[in-house]
Amino acid sequence: MKIYTKRGDDGTTSLIGGERVPKYDPRVEAYGSVDELMAFTALLGDMMRGEVKLTKYVESIDRINCALMSVASLLAVGEGGADKVAPLDEAKCAALESEIDQMQSLVQPITKFTIPGGCRVVSQCHVCRTVCRRAERAVLRAGAEFGVDRGVQTYLNRLSDWFYLLGRVLTEHFAVCERLWIP
């Protein structure tokens, strides 16, 4: 089977269920943003792979990317596709919350905003965080017009917090200076 179908040459694509929509449809924008987040998240995991002390975070990233594939699938549902994709398991969000709490216990509390940077892997956490926030906004726009599983919105909101805390944990792990915004 060839990878190209030529069906999208007219600027449309199919949603799950067969509905054809323009490629600028808010649902396509939303699942495309999640797809971009998956790529950046994979890059973050690849940057950490091989560091024994970071194995649990890499394993979390692998689970997160699987959950993000489910999120993208839910966003790609069109007419006639509602019964073809399972809702996002609430346990995925609960797992993120548990990991966030655990990571937060490892770092000192702060009262100022964090300036991204310090080393490449920490910066990549912030790239993932900001792309996640953009994906969340795209999901909210799609949801306003077409409705979106509430679990998707909650998961993305929690996930951006997860990336933020991971960046803080990695700042300490790599012994780089955490820069805080002081106006």
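Residues are numbered from 1 along each chain as its sequence is written. In this predicted model local features need pLDDT of at least 70, side-chain atom pairs count only at pLDDT 80 or more, and totals for chains, interfaces and linings use all residues, while side-chain values use heavy atoms, with hydrogens and water left out.

A search of the whole structure finds two aromatic pairs, which are tabulated below. Rings of Phe, Tyr and Trp (its six-membered ring) pair if their centres lie within 6.5 Å; planes under 30 degrees apart count as stacked, over 60 as edge-to-face and the rest as tilted.

| Pair | Centre to centre | Angle between planes | Class |
|---|---|---|---|
| Phe-113 and Trp-181 | 6.1 Å | 50 degrees | tilted |
| Trp-162 and Phe-163 | 5.4 Å | 80 degrees | edge-to-face |

Phe-113 is in the loop between helix H3 (90–104) and strand E3 (114–115), and Trp-181 is in the segment after strand E4 (179–180), so their pair ties together parts that are 68 residues apart in sequence. Helices (H or I, at least four residues) and strands (E, at least two) are DSSP runs, numbered from the N terminus.

Relative accessible area defines buried (under 20%), exposed (over 50%) and partly exposed (in between), with a 1.4 Å probe and protein chains only. Phe-113 is exposed at 61% and Trp-181 partly exposed at 43%, whereas Trp-162 is buried at 0% and Phe-163 is buried at 1%.

The charged end of Arg-27 sits over the ring of Phe-146, 3.7 Å from its centre (the criterion is NZ of Lys or CZ of Arg within 6 Å of the ring centre and within 35 degrees of the ring normal).

Glu-136 belongs to helix H4 (residues 120–146) and is buried, with a relative accessible area of 13%.
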